[in-house]
Amino acid sequence: MIRVDALVKRYASLAAPALRRVSFEVASGQLVAILGRSGAGKSTLLRCLVGLERFDEGTVEVDGVAVRAEDGPRGLRVLHGRVGLVPQSLDLFPHLSALDNCTLAPRIVKGERRADAEARASRLLGRLGLEAEQGAYPEHLSGGQRQRVAIARALAMEPRVLLYDEPTSSLDPSLREEVGRTLLTVKESGVTQLVSTHDWEFARSAAEWVLVLEGGAIVREGEPGQIVG
Amino acid sequence: MNARSALRALLVGVAAAAASPAAAAGARGGTLQAVQQRRELRWGADVFGGAPYVFQDPMDPNHLVGFEVELADAIARRLGAKARPAAGAWDKLLDLLARGDFDVALNGIEVAEEKRRVCLLSRPYYAAGERLSVRRGDPGAPRTLEAVKGRRVGALPGSLAQRILERAGAVVVTYDGGQDQIYDDLRLGRTDAVLLDDPIAHYYADVQPELETVPGSFGEVRYAVAVRLGDEALRDAIDGALSELARTGRLRALYQRWGIWNAETAALLGEPPPARPGLAEAWEAWRAAVGRPPSLRERLLVRYPRTFGLFARAAGLTLLLTLSSMALAMAVGALLAAARRYGAAPVRWLAVGVIELVRGTPLLVQLIMIYFGLPELGVKLDPFVAGWLGLGLNYAAAEAENYRAGLESVPVGQGEVATTLGLSRLQALRHVIAPQALRIAVPPMTNDVIALLKDSSLVSLVTLTELTKTYSNLAASMRDHLGLGLVVAAWYLLLGLPLARLGRLAERRLGRHLRRAAA
């Protein structure tokens with residue numbers, strides 16, 4: 001479960017706030033799309049939820065653990081590991097194999113033994129259809145494969161919430177369905193998923209619920225069928 | 001070459017003038033006692049082209065020979081000690097003495113009033129005329145003091161000869177050391193004459209048929225032993241030893257053996273002037289060894305093999321210095337780069353300031369400041385430590401910039417993803433960013449190791465006899481610059497090529513994720 005309450009984010013360089021009192025709630029295991037044009041504030045919202053960006057007002061709560069604006073930069077740390085991110089640019093670790101991309105954080109942050117971390121990462125990669133690619137370096141994988149490695153890397157930390165930043169933008173349009181199927185696979189594990197996208201078509205086909213972000217505020221929300229572009 | 005040596009002389013002069021009082025004060029009273037306690041007299045000299053004073057035996061460079069070697073032995077014996085030579089550049093011997101690197105300086109040090117400000121001088125032990133050498137059969141050769149006006153004349157820096165020439169209006173060309181090179185330049189027409197002390201002219205000009213020495217003396221210079229200010233007891237003991245050696249005729253015998261017994265010295269020691277030169281066996285041996293270049297066969301089979309031990313030891317020192325300095329440079333460079341990229345504003349400015357200061361000033365200046373300047377503040381470093389620090393800190397600036405370039409090549413997203421996965425900044429740096437940055441930094445680092453290997457030659461300034469210094473010493477005493485130059489080049493390649501190979505291996509290992517075969 002993730003609950004956002006009256007979130008405000010201002011940048012010193014901009015006159016208007018990037019986020020103005022954004023509030024919403026997503027129940028555990030739900031798959032929600034945040035729809036909006038570029039500049040609507042999608043990326044800023046995601047950066048705040050994942051703990052990369054401080055916010056000026058409001059609260060973010062993940063499964064009972066709340067971070068308030070006044071908690072300062074240290075407060076954001078409770079989000080790290082608890083909220084996973086699949087960045088638009090993926091940012092796989094190029095010097096590590098697919099498997100090692102997935103075992104690095106569990107080993108270093110949680111102190112898992114290598115064998116345990118590898119067994120779990122291997123199962124994750126297998127579930128995402130990457131059995132054969134575990135030993136490959138990111139450089140040698142296709143765009144779709146890389147994206148699934150990035151998802152597996154985030155899931156390896158067993159986050160309560162997983163955020164995707166424009167998952168279809170860097171892929172061939174024909175792969176859109178594949179991404180949708182991947183999200184459903186992930187959904188089976190019970191992780192709450194938030195997908196930021198500007199792609200109406202994709203949001204409608206993949207998500208259970210859609211939030212529409214405009215000018216830093218949520219202007220509409222509803223089931224995919226009810227939202228019209 | 002000339003500008004460099006002038007700068008060097010100036011800086012050393014400035015550094016040493018300021019450093020000497022402190023060092024002298026530290027040694028006050030005790031040097032004679034110390035010499036007698038450890039039963040060893042450390043005497044400083046330049047072995048670079050120092051025949052007949054102090055030089056490596058051209059037939060077997062592992063041995064140091066020369067009339068001053070024998071003189072130092074004789075003096076030390078009378079002090080109840082053994083003589084142990086210590087190497088230093090000739091025009092810096094008094095600075096090194098003041099610094100405390102050895103007990104006395106004994107190497108053709110001229111008696112001159114201004115030296116009494118920085119050291120004590122013993123009674124003179126030798127007097128030499130200044131001899132003018134010219135090319136044989138050169139019709140335009142200057143043969144009088146009046147004729148040198150406006151002509152290019154070679155001399156040693158800081159010598160009486162230089163002052164005589166400057167007063168006469170000559171264009172004086174001074175050399176860092178190698179007396180051989182001074183006469184080579186005359187022979188090759190780069191200078192018109194050379195004015196140097198009698199013994200030098202005898203050993204370097206008289207053995208070359210292309211050169212001749214103009215009869216008569218152009219001035220007289222006297223040599224004395226220099227001790228630190230405040231060491232009157234040691235100076236008096238040395239005076240006593242010299243008087244006894246003069247009285248018993250041992251000095252005369254020594255000079256005769258080396259073929260440098262002359263009227264000036266006879267007058268100095270109160271003996272009748274020499275009648276006819278007798279057999280000077282040491283001079284004959286020198287002439288036989290260097291008068292004509294040895295055949296290639298003799299060089300390859302006899303002379304070069306004898307240099308093996310000296311070169312091997314020097315190569316060991318060069319390698320040790322290179323590797324340890326590079327380790328220091330990498331450690332300090334990493335800290336500077338991290339401070340510059342991740343530090344708070346004041347830390348960042350400090351790092352940038354240090355990098356620009358170190359990178360923007362010559363290594364030579366830094367070495368002089370560390371070795372001759374720091375004693376002023378009471379910090380007297382061992383030569384190896386001084387060389388290691390100088391090289392290491394100088395290269396740290398270069399390494400810092402390499403690492404910065406590496407760090408900046410890693411996309412910001414890498415660190416952000418690591419943060420969202422729960423890694424701390426240090427963990428992200430170590431496991432995610434550094435391995436990628438290193439791949440970018442390794443090729444310039446390999447370059448720097450090789451450059452460091454070559455720059456390590458500058459530490460001869462702090463009296464370390466590494467490869468280049470060994471080469472220049474040997475080339476001067478064996479009078480063989482080309483052949484030995486190839487030998488030392490081979491030694492440098494022997495050290496440098498494996499280092500370059502190591503760099504390429506590291507590069508391949510860090511870049512293995514980019515190769516097709518890896519998958």
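User: What span would a straight helix of 47 residues have, and what does helix H12 of chain B span?
Analyst: This is a predicted model. At 1.5 Å a residue, a straight helix of 47 residues would span 69 Å. Helix H12 of chain B, residues 296-342, spans only 60 Å between its end C-alpha atoms.

User: Where does H12(B) have a kink?
Analyst: The kink lies at B:Tyr304 and is about 40°.

User: Let us turn to the strands. In what order do the five strands of the open sheet in chain B run?
Analyst: The order is S4-S1-S5-S13-S6, and the pairing is mixed. S4 and strand S6 (120-121) of chain B are the edge strands, each pairing on one side only.

User: In which sense do S1 and S4 pair?
Analyst: Strand S1 (residues 40-45) of chain B pairs with S4(B) in the parallel sense, over six bridges. B:Ala45, for instance, has B:Ala87 in S4(B) as its bridge partner.

User: And how do S5 and S13 run?
Analyst: Strand S5 (residues 104-105) and strand S13 (residues 226-227) of chain B are antiparallel and joined by two bridges. B:Ala105 stands opposite B:Ala226 in S13(B).

User: Back to S4: which residues are on its covered face?
Analyst: In strand S4 (residues 82-87) of chain B, the covered face holds B:Ala83, B:Pro85 and B:Ala87. B:Lys82, B:Arg84 and B:Ala86 form the uncovered face.

User: New topic: what domains are assigned in chain B?
Analyst: The assignment gives domain 1 (2-112 + 231-292), domain 2 (127-220) and domain 3 (298-518). The contact between domain 1 and domain 2 of chain B takes 22 residues from domain 1 and 20 residues from domain 2.

User: Which helices supply the domain 1 side of that contact?
Analyst: Helix H1 (2-27), helix H10 (263-269) and helix H11 (281-290) of chain B each supply at least two residues. By class, this side has 10 nonpolar, seven polar and five charged residues.

User: How many residues does each chain give to the contact between chain A and chain B?
Analyst: Chain B gives 19 residues and chain A gives 22 residues. On the chain B side, helix H16 (412-420) and helix H17 (425-455) each supply at least two residues. The largest share, six residues, comes from H16(B).

User: What classes of residue are on that chain B side?
Analyst: The side of chain B that touches chain A has nine nonpolar, nine polar and one charged residues.

Methods
Residues numbered from 1 in each chain as written. Chains lettered and ligands numbered in written order. Predicted model: local features only at pLDDT ≥ 70, side-chain atom pairs only at ≥ 80, totals over all residues. Helix = DSSP H or I, 4+ residues; strand = E, 2+ residues; numbered from the N terminus. Expected span 1.5 Å × (residues − 1). Bend = angle between axes of the 7 residues up to and from the residue. Buried ≥ 20, exposed ≤ 12 C-beta atoms within 10 Å, placed from the backbone. Pairing = 2+ DSSP bridges. Domains from an automatic or database assignment. Contact = placed C-beta atoms within 7 Å. Nonpolar A, V, L, I, M, F, W, Y, C, P; charged D, E, K, R; others polar.
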